[in-house]
Amino acid sequence: MRRRILALTAAFALLATGCTAGDDAPEDGVVRLRFQSLAWQKESVDANRQLVSEWNATHPDVQIDYVQGSWDSVHDQLLTSFEGGEAPDIIHDASDDLADFAYGGDLADLRTLLPARLRADIPARSWETTTFGEGIYGVPFLQEPRVLIANRKILEASGVRLPTPEEPWTWSEFRQIAQDLTRTLGSGRYAVAWPLKEPVSVSLNLGLSAGGQLFHREADGRVTVRFTEADAVVPGTIHEQVVTDRTAPRTTLGSGGSDTLPGFFAGRYAMVPLGFAYRQQIAQQAPEGFEWTVLPAPAGDAGLTQGVSPQTLSIAEDSPYKKEAAAFLDFFLRPENMVRLARGDWMLPTGTAALADPSLHTARDGWATGAAVAERLRPAPAQSVRGYPEWKDKVATPAFQEYYSGAIDGAELRRRLVTDGNRVLARYQRK
Amino acid sequence: MSALRTSRPARCGQYLALLAYLVFLALPFLWLVSTAFKPAPELASLHPTWIPKDPTLDNFRQAFDEQPLLRAAGNSLVAAVAAAVIAVAVATPLAYVTARHRGRLASAATGWVVISQAFPFVLVIIPLFLILKNLHLVNSVSGLVLVYVVWSLPFALWMLTGYVRAVPAELEEAAAVDGAGRLRTLVSVTAPLLVPGIVATALFAFVTAWNEFFFALVLLKTPEKQTLPVVLTHFLGAEGVADLGPLAAAAFLATLPSLVVFGLLQRRITGGMLAGAVKS
């Protein structure tokens, strides 16, 4: 709704005020490009700034102005900037936020701009996350799988088999182990805490491991929602853990990942499914002597496959210096630089060469576990589905929340996701 | 008068209710202060305490190290003070006219003021952006001040109109009878009585501008121009992940100017609020 209001007002405003053409030629002969980065953690900001400084030092004719943006309201900010013709030249965002801008003509098609080296270095499955229609509208450069962060002492003392990327737990094994663990932990303590403040992306992305897909593109290009047995595996496991087995507390369902950390550090929960980058918070905040380990998320029929929405770098269509911007991206995303960015953000690089860096394969802080599942990361199921934000906000989020808390059963979840969901999507696909 | 008297138990109940409300209002701020001084392990404790066991200034150090808080506070201060001064300067004569010359125009203006408060930011931001761009006022504190003035003007006008109405017109008539001219009456009789209202209104405009985030986020393009609320969001990551300690420290510092201004002007504000409470 918010986006539609913005789009409508934008249209009226453009009609009312007209557009003014900018002066493209730099006065002093130095091209200045504005790079809006959403990096926020100190190490990450430092890495970004250093790379910009290195570029600026060696390219006096093309200078990059680094601007720190904010994940908060980034979509509205960019939309306003695009409509006003004041967008940054180089834009940092997440791939699942790009569809509107790509289809709206705000982002440059990078196919002819990017060097072959960069195109070849990033796998096709990652390019899929930024491909809309025929064009590529962003370079996916950082991604994070969801992993199980576990209290090492509790798990080792319990005697359960520790999963590895080669031999992960199955979802049913995970459920059984959680039951055994909870029994040995005693009252008030749980095997797992699910922070499900945003339940849709977790359910859909982990759902790929069991072969769930939910969104199906038909021959005519239309997308419909279907909820199969495979789609039910992950939501069903979470539901059973919370409602039936009581191996996961109901109280964390409305929490964000950070909110579960105090309970995790206190030994109240043995495992917490979190994004890979949360390791930084754990490394910083864990009390002295606290031992933690990173385990792969459980696997289903599709193995360790997961959906991800990588962080991306795009170029504004209105930028008069697309070639220069692409040259900067080429430099910024060289393998050694991608490694620096990945380590700064505690995430995984998409680039094959960067991912091979030994520093990303150490057992320390669980890097090796993440790197091992990297090749199983796929575009998030709803990546390019138009109408997904509304489906998520109006239909799926409340449905999953009620299902996980036990307020509705699986049949009602299915009805809402499919019947109500398809009604929403149909509005976006009328021809 | 007797109707206002209440029994002792009832009065105790009122005080208790007031106390509970004050505690409710103060809790978030006290928690913010407590969080700002806690070291990382205490922030991650399952049993949080109100008073940090091992208070530290590390969060403040980190906040200043990582973000240009002073520069951002300076920008916020300039924008907020300018917005408050201009809003009051524009709203005061308008309020006087609206209050003293009641008619269809004044009613229509009041109606428009009320309606304008219902506009969501998101509805006006793109037209506003385009207008400011054509005026070359994007990425300038002047442009932001202009937006803040326009945004706070309706409510400032509404507030001040009430204060003007609270000043008995008979006083101005008496001054006129005593031979004072229009300007002299306004300056010597009406204006002094309006001071509390003007201060309260200015404070409202100041706090509104000081705390405003979205316009500043969209309109200011370069780091040198960014205001404090925008810089505060740099401690937040995707999906609500936060660098909690430095964020709390910076947020605590960000609340101080408002508290100081409130503290300094409290008596005048209270006077302003009471003015007009009793019908003449």
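This note sets out numbered points on the structure shown above.

1. Basis of the model. This is a predicted model, in which local features need pLDDT of at least 70 and side-chain atom pairs count only at pLDDT 80 or more, while totals for chains, interfaces and linings use all residues. Residues are numbered from 1 along each chain as its sequence is written, chains are lettered from A and ligands numbered from 1 in the order in which they are written, and side-chain values use heavy atoms, with hydrogens and water left out.

2. Overall form of chain B. The secondary structure of chain B consists of 12 helices and zero strands; helices (H or I, at least four residues) and strands (E, at least two) are DSSP runs, numbered from the N terminus. The C-alpha atoms of chain B fill a box of roughly 70 × 65 × 30 Å along the principal axes. Of its 280 residues, 41% count as buried, where buried means under 20% relative accessible area, exposed over 50%, and partly exposed in between (1.4 Å probe, protein chains only).

3. A nonpolar patch on chain B. Leu16(B), Leu19(B), Val23(B), Leu27(B), Leu30(B), Trp31(B), Trp50(B) and Ile51(B) form a nonpolar patch on the surface, with about 810 Å² of accessible area together. Patches are made of residues with over 30% relative accessible area and no salt bridge; like charges are joined within 9 Å, and nonpolar side chains (Val, Leu, Ile, Met, Phe, Trp, Tyr) within 5 Å. The areas come from the Shrake-Rupley method with a 1.4 Å probe, and for residues only the protein chains shown count as cover. Trp50(B) sits in the loop between α2 (40-43) and α3 (58-66) of chain B and is partly exposed, at a relative accessible area of 46%.

4. Cavities. The structure holds five cavities of 30 Å³ or more. A cavity is a set of points, on a 1 Å grid over the protein atoms alone, where a 1.4 Å probe fits but cannot get out; lining residues have an atom within 4 Å of a point. Grid points are joined across faces, edges and corners, and a volume is the space filled by probe spheres set on the points. About 90 Å³ of space lies in the largest cavity. Among the 13 residues that line this cavity, Ser203(A), Leu204(A), Gly207(A), Leu214(A) and Asp231(A) are the closest to its centre. Helix α9(A) gives the most to the lining, with three residues.

5. Over all chains, the count comes to 23 salt bridges, each being a side-chain nitrogen of Lys or Arg within 4 Å of a carboxyl oxygen of Asp or Glu. Arg340(A) forms one with Glu54(A), the closest N and O atoms being 2.8 Å apart. Arg340(A) lies in helix α14 (residues 335-345) and Glu54(A) in helix α2 (residues 42-58) of chain A, so the pair ties together parts that are 286 residues apart in sequence. Arg340(A) is partly exposed at 28% relative accessibility, as is Glu54(A) at 34%.

6. Other salt bridges in chain A. Asp109(A) pairs with Arg111(A) in a salt bridge, with the closest N and O atoms 2.6 Å apart. In the salt bridge of Arg415(A) with Asp420(A), the closest N and O atoms are 3.4 Å apart. Both Arg415(A) and Asp420(A) belong to a network of salt bridges that also links Glu402(A), Glu412(A), Arg416(A) and Arg423(A).

Definitions and conventions
On a 1 Å grid over the protein atoms alone, a cavity is a set of points where a 1.4 Å probe fits but cannot get out, and a pocket is an open set with protein on both sides within 12 Å along at least five of seven lines; lining residues have an atom within 4 Å of a point.
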